[in-house]
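Trainee: I would like to learn how the features of a model such as this one are read, one at a time. Could we begin with the pocket and work outward from there?

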Amino acid sequence: MKKNVTLILFTLLIGLKLFAQPANNRYANIQGLKIAYITRQLNLNSTEAQQFWPVYYTYLDALKDARKNNIHNPDALALDEANLTIKKSYYNQFKQILGTDERANKVFVCERNFRLVLKNELEKRRQQNNLPH
């Protein structure tokens with residue numbers, strides 16, 4: 001029940017903040033919402049947050065580099081393999097900061113859930129406005 005309330009409040013927050021801004025500010029707003037969402041879901045204290053976020057941004061940069069390096073690769077599994085290798089590597093760093101396997105794994109679950117919330121919100125708005133996919 002608590003997760004449903006959090007998800008509903010988060011969705012409303014997206015609606016109020018994200019689309020009330022010009023397009024060039026939307027990315028920054030999404031990033032801010034993502035930070036708040038992950039911080040809340042992982043229940044980061046200030047010490048953990050100070051250690052976690054620099055590592056997390058390095059992790060995102062590594063994923064971005066993997067996408068760039070595999071953009072023209074005809075092997076469809078190459079990017080998936082590169083991403084998995086990166087996730088395995090950073091999993092250990094997240095575990096060091098967060099203390100448990102459960103919390104380290106939750107980083108990846110939170111990312112997936114955040115993307116799903118955004119996707120669902122975008123789909124809902126497209127349907128409301130009769131916009132094409």
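Mentor: A pocket, on a 1 Å grid over the protein atoms alone, is an open set of points where a 1.4 Å probe fits, with protein on both sides within 12 Å along at least five of seven lines. Grid points are joined across faces, edges and corners, and the volume is the space filled by probe spheres set on the points; here the largest pocket has a volume of about 520 Å³. Of the 17 residues that line the largest pocket, the closest to its centre are Lys34, Leu60, Leu63, Arg67 and Glu111, where a lining residue is one with an atom within 4 Å of a point.

Trainee: Before we go on, what kind of model is this, and how are its residues numbered?

Mentor: This is a predicted model, in which local features need pLDDT of at least 70 and side-chain atom pairs count only at pLDDT 80 or more, while totals for chains, interfaces and linings use all residues. Residues are numbered from 1 along each chain as its sequence is written, and side-chain values use heavy atoms, with hydrogens and water left out.

Trainee: Which helix gives the most to the lining of the largest pocket?

Mentor: Helices are DSSP runs of H or I with at least four residues, strands are runs of E with at least two, and both are numbered from the N terminus. On that basis the chain has 5 helices and 0 strands. Helix 3 gives the most to the lining, with 7 residues, although helix 2 (23-42), helix 3, helix 4 and helix 5 (101-129) each supply at least two. By residue class the lining divides into 8 nonpolar, 2 polar and 7 charged, where Ala, Val, Leu, Ile, Met, Phe, Trp, Tyr, Cys and Pro count as nonpolar, Asp, Glu, Lys and Arg as charged, and the others, Gly among them, as polar.

Trainee: How many aromatic pairs are there?

Mentor: A pair of aromatic rings is described by the distance of the centres and the angle of the planes. Rings of Phe, Tyr and Trp (its six-membered ring) pair if their centres lie within 6.5 Å, and planes under 30 degrees apart count as stacked, over 60 as edge-to-face and the rest as tilted. By this rule the count comes to 15 aromatic pairs. One of them joins Trp53 and Tyr56, edge-to-face at 5.4 Å centre to centre with 80° between the planes; these two residues are 3 apart in helix 3, and so are separated by about one helical turn. Tyr90 and Phe94 form a tilted pair, 6.3 Å centre to centre with 40° between the planes, and both lie in helix 4, 4 residues apart. Ring pairs link Phe52, Trp53, Tyr56, Tyr57, Tyr59, Tyr90, Tyr91, Phe94 and Phe108 into a cluster.

Trainee: Which residues is Ala104 in contact with?

Mentor: Contact means heavy atoms within 4.5 Å. Leaving aside neighbours within four places in sequence, Ala104 is in contact with Tyr91, Phe94, Lys95 and Leu98. Ala104 lies in helix 5 and counts as buried because its relative accessibility is 0%. The C-alpha atoms of Ala104 and Tyr91, 13 residues apart along the chain, are separated by 6.0 Å.

Trainee: Where is Asn43 found, and what is the value of its phi?

Mentor: Most residues other than glycine have a negative phi, and most peptide bonds are trans. Asn43 has a positive phi, near 55°, and is found in the loop between helix 2 and helix 3, where Asn43 is exposed with a relative accessible area of 61%. Asn70, in the loop between helix 3 (46-69) and helix 4 (76-98), counts as buried because its relative accessibility is 16%. Not counting residues up to four places away in sequence, Asn70 touches Ala78, Leu79 and Ala82.

Methods:
Buried means under 20% relative accessible area, exposed over 50%, partly exposed in between (1.4 Å probe, protein chains only).
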